[in-house]
Protein chains: 2
Amino acid sequence: MSKPKLHIIKIGGNVIDHEENLSSFLVDFSKLEGLNILVHGGGKKATEIAKKLQLEPKMIGGRRITDADNLEVVTMVYAGLLNKNIVANLQKNNCNAIGLSGADGNAIKANKRIVKEIDYGFAGDVDEVDTNTISVLLENNLIPVFCAITHNKEGQLLNTNADTIASELASGLAKKYEVSLTYIFEKKGVLESIDDEDSVIESIDSEMYETLKNNNIIAAGMLPKLENCFYALSRGVAEIHIANSDFITNKNTQHTTLSL
Amino acid sequence: MSKPKLHIIKIGGNVIDHEENLSSFLVDFSKLEGLNILVHGGGKKATEIAKKLQLEPKMIGGRRITDADNLEVVTMVYAGLLNKNIVANLQKNNCNAIGLSGADGNAIKANKRIVKEIDYGFAGDVDEVDTNTISVLLENNLIPVFCAITHNKEGQLLNTNADTIASELASGLAKKYEVSLTYIFEKKGVLESIDDEDSVIESIDSEMYETLKNNNIIAAGMLPKLENCFYALSRGVAEIHIANSDFITNKNTQHTTLSL
């Protein structure tokens, strides 16, 4: 028996930070048929609120260091403000969304990142996706909307990278579903030349990925995203697309497709 | 066929504001058998965060006026910080909690309170409880944990009194379930004399309630709570208790039972 199809879409700052982009994306998302999950990142709001609360943002190597105060802020902003506004907006469009963190229904269990050279604080690396709750929701026509907060099943919330949440959900759900994963970001796809917005590489397989990586063609910011993607493909995710938000309504728009 | 039993428990500031009280309550709550829903209020945290963000809390007649900035704060604190920490804490106790606002699964639709003498801002009065999503969760052994944020199905989140959320959920779910509703607060029950903590009135029916009200025996702060309760009873809620947190594990502890 073939597995039911499931589409997981991840949006980040370029959609979330602009009210018009977000509204227009959510209208498009609401029109999608079949089984869908939305994953959203944090955008600038958490940094804004942290600043207003006079917390200094702590970054090492482009990653936010999550101390206890910053964990409070991201929990408030990601799981509260952003998640609930996205859900309310989807409900307006008659899309029966339900907002979740990894703690809800024990959907995503993580562990606090082990301190090696850097102490990332309350940053969570995903251990396990519990597909039971998510399947119940999907089977009852509810559309899960995940923010990037997880828990360790010992009462501790953890801040987790939203790209990772998306790829871990995709990998975990690949046992039950034929999963298509789409990362929406500001560019049309993976670019061959960072200065040429139209230099989209249409498809990348794992061999080509190694070549591109070794020749330093892929921009540094794109590397962890692609690592996540190829790891997800190796764990059974059927297809992965990297695209801008036009791709949601028009599959013929330029984009990058990843395969093993 | 008799309806399945459902227990709805509402906790407020006296539990939420003290970490030890909250942990200990959540351990007790996790041990409850059967179908359960938890509703939590906001406590002091929202006021604290609002103050740190240099927002002046606006109160008229003991009610918070929710302007746009304050709505952001309560959405962050109630739906984010408090709700997700409560869920994570319950998950630690092997209670499969799932945190919800009224927007999630369109569980609680409200309307922005009409401006008469006072403009309450983004305060929501409940229109309708959609029992579908809640029933799906309960039937799949998930324990819904509601914060006091609703939506108007037009994309607007609204701040709603947590006591009202509890009584509206109870009333809405009374069609499908035999609902027992318990309000946990700092006193042992409704007191005959505000100065005597042991002067608990063991049971109040609607006739006695009118008498107590007319004779100014019931404290002003208790009146809206009791109004909510008798309205819920009139709409089919099977039983309502007002008690302190000891009641959760020991039904023989002093408390007030309300009936029509």
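Student: Which residues does A:Asp163 touch, leaving out those up to four places away in sequence?
Tutor: In this predicted model, A:Asp163 touches A:Lys10, A:Tyr183, A:Lys225 and A:Asn228.

Student: And where does A:Asp163 lie?
Tutor: A:Asp163 lies in helix α6 of chain A, which covers residues 162–173.

Student: Is A:Asp163 buried or exposed?
Tutor: A:Asp163 is buried, because its relative accessible area is 11% and the cut-off for buried is under 20%.

Student: I see lysines in that contact list. Which residues are linked with A:Asp163 in a network of salt bridges?
Tutor: The network links A:Asp163 with A:Lys10 and A:Lys225. In general, side chains of opposite charge can pair when their charged atoms come close.

Student: Let's hop to chain B. What does B:Asp163 form with B:Lys225?
Tutor: A salt bridge, in which the closest N and O atoms of B:Lys225 and B:Asp163 are 3.2 Å apart. B:Lys225 belongs to helix α8 of chain B and B:Asp163 to helix α6 of chain B, so the pair ties together parts that are 62 residues apart in sequence.

Student: Are B:Lys225 and B:Asp163 buried or exposed?
Tutor: Both B:Lys225 and B:Asp163 are buried.

Student: How many salt bridges turn up over all chains?
Tutor: A search of the whole structure gives 24 salt bridges over all chains. One of the pairs is B:Lys188 with B:Asp198, where the closest N and O atoms are 2.5 Å apart.

Student: Where do B:Lys188 and B:Asp198 sit?
Tutor: Each is placed in the loop between β11 (178–184) and β12 (203–205) of chain B, and 10 residues separate them.

Student: How accessible is B:Lys188, and what about B:Asp198?
Tutor: B:Lys188 has a relative accessible area of 30%, so it is partly exposed. B:Asp198 is partly exposed as well, with a value of 47%.

Student: New topic: helix packing. At what angle do α7 and α8 of chain B pack?
Tutor: Helix α7 (residues 206–214) and helix α8 (residues 223–234) of chain B pack at about 160°, and their axes are 12 Å apart. That angle makes α7(B) roughly antiparallel to α8(B), because the cut-off for that label is over 145 degrees.

Student: Is the crossing of α7(B) and α8(B) left-handed or right-handed?
Tutor: The crossing of α7(B) and α8(B) is left-handed.

Student: Which residues make the contact between α7(B) and α8(B)?
Tutor: From α7(B) they are B:Ser206, B:Tyr209 and B:Lys213, and from α8(B) they are B:Leu223, B:Leu226, B:Glu227 and B:Phe230. By type, the contact of α7(B) with α8(B) has four nonpolar, one polar and two charged residues.

Student: Back to chain A. At roughly what angle do α3 and α4 of chain A cross?
Tutor: Helix α3 (residues 45–52) and helix α4 (residues 68–92) of chain A cross at roughly 135°, and their axes come within 9 Å. That makes α3(A) oblique to α4(A).

Student: What's the handedness of the crossing of α3(A) and α4(A), and which residues make the contact?
Tutor: The crossing of α3(A) and α4(A) is right-handed. On the α3(A) side the contact is made by A:Lys45, A:Ala46, A:Ile49 and A:Ala50, and on the α4(A) side by A:Asn70, A:Val73, A:Val74, A:Val77, A:Tyr78 and A:Leu81. These residues of α3(A) and α4(A) divide into eight nonpolar, one polar and one charged.

Notes: Residues are numbered from 1 along each chain as its sequence is written. Chains are lettered from A and ligands numbered from 1 in the order in which they are written. This is a predicted model: local features need pLDDT of at least 70, side-chain atom pairs count only at pLDDT 80 or more; totals for chains, interfaces and linings use all residues. Side-chain values use heavy atoms; hydrogens and water are left out. Helices (H or I, at least four residues) and strands (E, at least two) are DSSP runs, numbered from the N terminus. Buried means under 20% relative accessible area, exposed over 50%, partly exposed in between (1.4 Å probe, protein chains only). Contact means heavy atoms within 4.5 Å. Axes are lines fitted to C-alpha atoms, for helices over the stretch in contact, and angles run from 0 to 180 degrees between N-to-C directions. Angles under 35 degrees count as roughly parallel, over 145 as roughly antiparallel, 65 to 115 as roughly perpendicular and the rest as oblique. A crossing is left-handed if the near helix is turned anticlockwise from the far one by less than a right angle, and right-handed if clockwise. Ala, Val, Leu, Ile, Met, Phe, Trp, Tyr, Cys and Pro count as nonpolar, Asp, Glu, Lys and Arg as charged, and the others, Gly among them, as polar. A salt bridge is a side-chain nitrogen of Lys or Arg within 4 Å of a carboxyl oxygen of Asp or Glu.
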